[in-house]
Amino acid sequence: MEIRKNNEIDETVYTETLDNGMKIIIIPKKNTRKKYIIWATQYGSIDNHFIEPKTGDEVQVPDGVAHYLEHKMFENENGVDSLYKMMSLGLDANAYTTNDHTAYLFAGTDNFYEGLDELMSYVQHPYFTDQNVEKERGIIGQEIGRYDDEPAWKLYVNAMDCLYKNNPVKIDIAGTVESIAKITKETLYSCYNTFYHPSNMIMCISGDFEPEKIVQEVKNRLIPREEMKEIKRIYPEESKGINMKEKEANMGNSMPAFMIGYKDELDEDKVKIDLACQIIYNSLLGKSSELYQELYNEGLLLNQLDTSFEFAKTYSHALIAGESKEPRKVYEKILETIKNKDVSQEDFERSKKKIYGDLVSEYNDVEEIGRMYLADAVKGINSIEYVEKINDITLDYVNEILKKLFKENESVISIVK
Amino acid sequence: MNIIKTKGFKTNLYAIFLTVPMNKENVTFNSLIPAVLRRGTQKYPNQLEINKKLEDMYGAGFNCGVDKMGDYQVLKFYMETLSNKYLPQKQNAVEFLKELIFNPLVENNAFKKEYVEQEKENIKKLIESRKDNKARYSYDRCIEEMFEGEAYGIYKYGSVEDLEKINEKNLYEHYRKILGDARIDCFSCGEEVEKIELPTRENKESQVSKELQEHTVKNKEIKEPMDVSQGKLIIGLTTPKTPKAVISMYNSVLGGGANSKLFQNVREKAGLAYSASSTYIRRKNAIFIKTGIETSNYEKAIEIIKKQLEDMKNGNITDDEFNSAKQLVISNINLIPESQEDLISYYFDQKLYEDNLSIEEYISNLEKVKKQEVIDIAKNIDIDTIYFLQGNEKDKTEN
């Protein structure tokens, strides 16, 4: 078992890789009754084209299969709905699909092991029939409809469309009403057998646990599976540079929303880039920046900008989002600031303190901890690296990233009015 | 002054709440006050200085706003800092929080004009953009219709018309009055926390009345058209005032989670919606059912929902439904100590309404509820107002 301890924040992370290839990450937490577990397969909406390891066949599936599969996993041969069962145990159970993983989880103060039985049973026992697959189509159709009315979602998808020519990150996670019409129980089984193999799965657990003991509990519940070769995913080739400069949508928003994106094509440590971005955002665009004060005073911004550095194995970009009555004016001001300004020594020191505080606060809640470790693990990162690396970030490095990543000709804007 | 001791958190959370009655004359004034206070103090005269100070305190968080709680409007101020263990040097969180509330930037016996004008403009935009969040908007609108003419029906940010009557002088007067009259509650939550000592004032006892307004049943059915692909259906029910534990259980059986009647029948059996749930507003004796459906399925959804209410009245509740609903309610209460904000909200609500139940007592009251009590109470729970944010009907000739 790999053990990583950080004295500054007083946390230890245990990572165990089982013989079947499954990874288990445990972040023990004393003085809490709540326990959290999340189990994910590294399979999301972008994995729609792959080579089946068993047969060697190249398979292309309709958009939205990973999400459809997530909906159907709760169903069992004996008619019991696992979501229902876990809720009856007083557990807050859920599942979600992103572009690169699908996760099943629950949180609760009591009945953890009963919940673990159920979770590990339903994830390892798919049960799809023509009938139960058909029944789900209407529900997922409604869920897609809900996304269609969601300005925030449109904003994001359009920003992705601007940044990437072919990358499937720009496809709706749930697919479309047309694409899900083509999904059958055979499609679901084929994807399940390929991607729900332990070697492709990661589990994160946080709460008052003894690491060795909980690993054993998980092992006892794992069903032996045949060894599987590595899954070959086929992604469309992505050329350098952006797809288009801007995209606008009209959804009847009284206050237009905007999202600015910069494509990241650097081949460097992503954790360090992420930390540098946080310092840049805070210093140049954050609440304590001159630009924010100016935009706020002119009534161009009501709230602070929503900034992030997002990356996965197939994409990487910096995003700056907000709402403004004049999004283009704000866009210009942001571009100008990023182009002409450097992060000063004073801003750098202060921003680092703030980011340290934010990192420590993330360890308040087992749910937040579990989610963070899982999302990072899918990217091949141990979250504790953030606390380890923040002290190594220098002002020179931050300003270097500012110049290399935030290039004006690589910037795009999505606007939803 | 309340101290809530917690272990296992990396942070300390401090809160000061000013509670005033909700009414039409003052609502807009009240909603502006936190917005103006956070703009500047005597010591930190602008947001730049405030935010720099917060970041220097290792990313301390300051937050404020207004909330509607029953017939009250509550001005809430929060400050969160790392607990001392994780701080290279101790930070003075309470002093900073008090500076923001009690020591605002004042010029000639008035707030700074520029700040008031800007914040008026911001609240105006906030009010005007209400419709952007369809789910929130529909819920708020149902409450407004159901509690029309009553305190709880007032929109918590007030109105654009009232904003026009406000200036830096009358707003400052109003602020002075609130400091004298409001009920003030302070909370410190964490492992090793400071006490909050308030400045002394003349009226030690607040003038805020503890009486709840009586509600008149409206029997309304409202349809509001909007350009959305999915309609939002909100149904307000009126409940008896007590026993709250029994009504909590009723709500959980009806729409508490995946095992509830609404989720099972509206979503799982009929496939009409992605979500279908209900929320109990304990302090206003109301339950709100929420779901999102195709506009053409309106009649069908209403029929299914009414059937669920009838089933509850007729005692069609299985032991399984009842037991899992109870588990859900209790486990939600068990989660309160896992969040400092939830702990503060819980104790504040208990104090404000003078219930003063510990979390253990609260749970034990729920544990005692019997199925027959829920069936009995169901007979006194009925639809008051139906609100539908109506989307476009899908064009049936298209493909």
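This is a predicted model: local features need pLDDT of at least 70, side-chain atom pairs count only at pLDDT 80 or more; totals for chains, interfaces and linings use all residues.
Residues are numbered from 1 along each chain as its sequence is written, chains are lettered from A and ligands numbered from 1 in the order in which they are written, and side-chain values use heavy atoms, with hydrogens and water left out.

**The two domains of chain A**

- Chain A is assigned domain 1 (2–233) and domain 2 (246–416), where domain bounds come from an automatic or database domain assignment, and the C-alpha centres of these two domains of chain A lie 28 Å apart.
- In chain A, 45 residues of domain 1 are in contact with 45 residues of domain 2, contact meaning heavy atoms within 4.5 Å.
- Between domain 1 and domain 2 of chain A about 3800 Å² is buried, with carbon and sulfur atoms giving 68% of this area; buried area is the accessible area (1.4 Å probe) that two parts lose on being put together, summed over both.
- Of the area that domain 1 of chain A buries against domain 2 of chain A, 17% is supplied by R4(A), L155(A) and L163(A), more than by any other three residues.
- Four salt bridges are counted between domain 1 and domain 2 of chain A, a salt bridge being a side-chain nitrogen of Lys or Arg within 4 Å of a carboxyl oxygen of Asp or Glu.
- D365(A) and K34(A) form a salt bridge in which the closest N and O atoms are 3.0 Å apart.
- There are also 13 residue pairs in polar contact between domain 1 and domain 2 of chain A (both at pLDDT 80 or more); a polar contact is a pair of N or O atoms within 3.5 Å, and within protein one must be able to donate a hydrogen and the other to accept it, while residues adjacent in sequence count only if both atoms are side-chain atoms.
- Among the elements that each supply at least two residues to the side of domain 1 of chain A that touches domain 2 of chain A are strand 1 (2–6), strand 8 (102–108) and helix 5 (151–163) of chain A; helices (H or I, at least four residues) and strands (E, at least two) are DSSP runs, numbered from the N terminus.
- Helix 5 of chain A gives the most to that side of domain 1 of chain A, with ten residues.

**The two domains of chain B**

- Chain B is assigned domain 1 (2–190) and domain 2 (220–390), and the centres of these domains of chain B, taken over C-alpha atoms, are separated by 30 Å.
- The contact between them takes 35 residues from domain 1 of chain B and 34 residues from domain 2 of chain B.
- About 3000 Å² is buried between domain 1 and domain 2 of chain B, and carbon and sulfur atoms give 72% of it.
- Y139(B), C142(B) and M146(B) supply 20% of the area that domain 1 of chain B buries against domain 2 of chain B, more than any other three residues.
- Four salt bridges are counted between domain 1 and domain 2 of chain B, and the side chains of E224(B) and R141(B) meet in a salt bridge at 3.0 Å, N to O.

**Where chain B meets chain A**

- The contact between the chains takes 51 residues from chain B and 57 residues from chain A, and the area buried between chain B and chain A is about 4900 Å², of which carbon and sulfur atoms give 49%.
- On the chain B side, K10(B), E55(B) and Y274(B) lose the most area to chain A, together 15% of what that side buries.
- Across the interface of chain B and chain A there are four salt bridges, and E55(B) forms a salt bridge with R350(A), with the closest N and O atoms 2.9 Å apart.

- W153(A) lies in helix 5 of chain A and counts as buried because its relative accessibility is 18%, buried meaning under 20% relative accessible area, exposed over 50%, and partly exposed in between (1.4 Å probe, protein chains only).
- T102(A) lies in strand 8 of chain A and is buried at 0% relative accessibility, and a polar atom of the side chain of T102(A) lies 2.6 Å from the backbone oxygen of Y43(A).
- S83(B), found in the loop between strand 4 and helix 3 (93–102) of chain B, counts as buried at 8% relative accessibility.
- Leaving aside neighbours within four places in sequence, S83(B) is in contact with F9(B), K10(B), T11(B) and N12(B).
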